Amino acid sequence: MATSFHHSISQNISKLCVIHPALQLHRRFPIATNPAHFRPVLESITMGGAAEKARFYLERAAPELREFEEKEIFTKEEIRSLVVKRSDYEHLILSPGTKPTDFLSYISWETSLDRLRAKRCARLKIRNSSSHASQARTFNIFERAVNKHPGSLQLWFAYLDFAASVKATKRWNRIATRAIRLHPSESSLWALAGRRAAKAGDMEKARAHYLRGCRFCTTEPDLWVEYARCEMEWLQKIEAKKAGKGVRKGVNPVEAIKDTETLQEGDVIEFDEEDSEDEDMDGELMLPDPDAEGADGKPKNKKVMTEEETRKIEQSPALSGAIPMAIFDIARKQQFFGARAAEMFFDMFAQFGGVSSQERIVGHVLGAMQELYPGHACTVSCWIRQPVVGVNALSVEFPKALREVLARLKKGLEETNDKKALVEKMVSWFDGVLAVEGLDEGIKIVLQHTKGSLEQQVAN
């Protein structure tokens with residue numbers, strides 16, 4: 001095996017002899033012992049290639065530097081220092097052993113340079129200088145980074161953040177598709193795609209992203225909780241529309257609910273279709289025109305909902321919290337499910353006080369926890385806090401609900417099988433309530449006294 005390995009290296013170096021004079025020595029003294037003797041020579045060849053590549057990328061930035069000098073955005077000395085700094089970064093990321101942080105440092109320097117250019121253009125009132133060249137270069141650096149380190153999630157998230165910051169919607173979709181295909185079990189990528197689709201107003205695509213992600217992410221509850229959160233946010237938006245909030249005067253609230261799920265072109269990732277090569281790469285935000293003209297030159301008429309469609313929407317089980325509860329029920333069958341995962345669902349549902357079905361959903365989760373984990377600290381903690389779910393700490397109903405919490409706390413400490421864990425959870429909850437600005441002084445005194453007595457019980 002060793003002889004075959006040395007013979008292979010000998011053949012490869014023989015091919016390089018015509019390229020590098022230092023390797024001509026190999027023809028007179030073939031490899032017999034240690035091929036590591038040629039490592040410095042091979043590294044010098046690699047660095048030579050890196051220098052040529054660095055020069056290639058530096059020359060591509062020459063037109064922009066010429067513009068800086070002609071418009072006097074930067075002085076000649078500043079431009080010279082920019083070239084030196086950029087050359088250092090290019091040699092750094094092209095050298096062997098480069099790290100993802102080297103690319104991120106280079107990108108951070110480029111973005112700070114573009115911000116400085118924008119500020120100077122504003123001060124000098126130069127209007128015909130844009131950031132397109134800088135953005136294109138930054139995109140190019142990101143492409144080189146993710147191609148060299150495809151396993152770095154830090155690079156992928158930074159790439160997506162930059163594309164979103166410059167409103168490069170179609171490019172963002174392509175980047176997210178590539179990242180998810182490389183990291184299908186990374187829940188945060190699926191959640192990011194789902195949230196973006198939901199924010200664009202297309203819940204159908206958002207649900208498709210979450211459902212597909214849940215098929216891959218079966219070891220952690222994070223994506224499942226995010227999916228349920230997305231559905232709760234949709235319910236909150238729907239109920240706001242039903243109440244007439246955010247609806248234009250003269251518009252039927254039920255029709256406004258239907259409009260909530262309209263698609264904004266360019267904001268959805270199509271995983272099942274191949275990316276088109278001739279798509280717009282400008283990075284401009286593409287939004288539909290609600291008053292777009294039809295083929296006859298007249299504005300298109302909006303579809304009016306029939307009474308049957310209106311009745312179906314009003315009676316839909318989805319509006320009563322059926323989808324979040326279904327997500328929780330399916331999560332119960334997954335390998336990650338436990339008392340802690342159920343508590344994560346409970347805490348998330350407890351944040352949506354404006355949803356009318358919140359009490360029903362929270363009761364469903366708590367019932368499942370009491371059935372599966374009756375004496376667990378997570379279950380008892382949720383049961384103690386149930387009376388204040390959906391109650392504002394600054395409202396007049398809070399003191400009455402707090403009395404019920406304190407009564408349940410005394411009983412819960414006797415029934416739990418992990419008193420210390422329960423006390424830690426309740427102390428943490430007390431700290432959160434005490435941090436509410438404008439909280440009544442009497443309530444603060446009660447909570448601080450209860451918190452102190454709990455900590456004393458654990459200490460003893």
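In this predicted model, the protein chain has 21 helices and zero strands. Of its 460 residues, 41% are buried, and the chain exposes about 26,600 Å², of which carbon and sulfur atoms supply 52%. Among the contacts with a separation of 6 or more, 65% are between residues 24 or more positions apart.

Two packed helices are described by the angle between their axes and the distance between the axes. Helix α5, which covers residues 76-94, packs with α6 at an angle of about 160 degrees, and their axes are 9 Å apart. Because angles over 145 degrees count as roughly antiparallel, α5 is roughly antiparallel to α6, and α5 passes α6 in a left-handed crossing. On the α5 side the contact includes Leu82, Lys85, Arg86 and Tyr89, while on the α6 side it includes Phe103, Tyr106, Trp109 and Glu110. By class, the residues of this contact are eight nonpolar, one polar and seven charged.

Helix α6, residues 100-124, also packs with helix α8, residues 153-165; their axes come within 10 Å and cross at roughly 20 degrees. Since angles under 35 degrees count as roughly parallel, α6 and α8 are roughly parallel to each other, and α6 passes α8 in a left-handed crossing. Here Pro100, Thr101, Phe103, Leu104 and Thr111 in α6 meet Gln154, Leu155, Ala158 and Phe162 in α8, and these residues divide into six nonpolar, three polar and no charged.

Key:
Residues are numbered from 1 along each chain as its sequence is written. This is a predicted model: local features need pLDDT of at least 70, side-chain atom pairs count only at pLDDT 80 or more; totals for chains, interfaces and linings use all residues. Side-chain values use heavy atoms; hydrogens and water are left out. Helices (H or I, at least four residues) and strands (E, at least two) are DSSP runs, numbered from the N terminus. Buried means under 20% relative accessible area, exposed over 50%, partly exposed in between (1.4 Å probe, protein chains only). Contact means heavy atoms within 4.5 Å. Accessible areas come from the Shrake-Rupley method with a 1.4 Å probe; for residues, only the protein chains shown count as cover. Axes are lines fitted to C-alpha atoms, for helices over the stretch in contact, and angles run from 0 to 180 degrees between N-to-C directions. Angles under 35 degrees count as roughly parallel, over 145 as roughly antiparallel, 65 to 115 as roughly perpendicular and the rest as oblique. A crossing is left-handed if the near helix is turned anticlockwise from the far one by less than a right angle, and right-handed if clockwise. Ala, Val, Leu, Ile, Met, Phe, Trp, Tyr, Cys and Pro count as nonpolar, Asp, Glu, Lys and Arg as charged, and the others, Gly among them, as polar.
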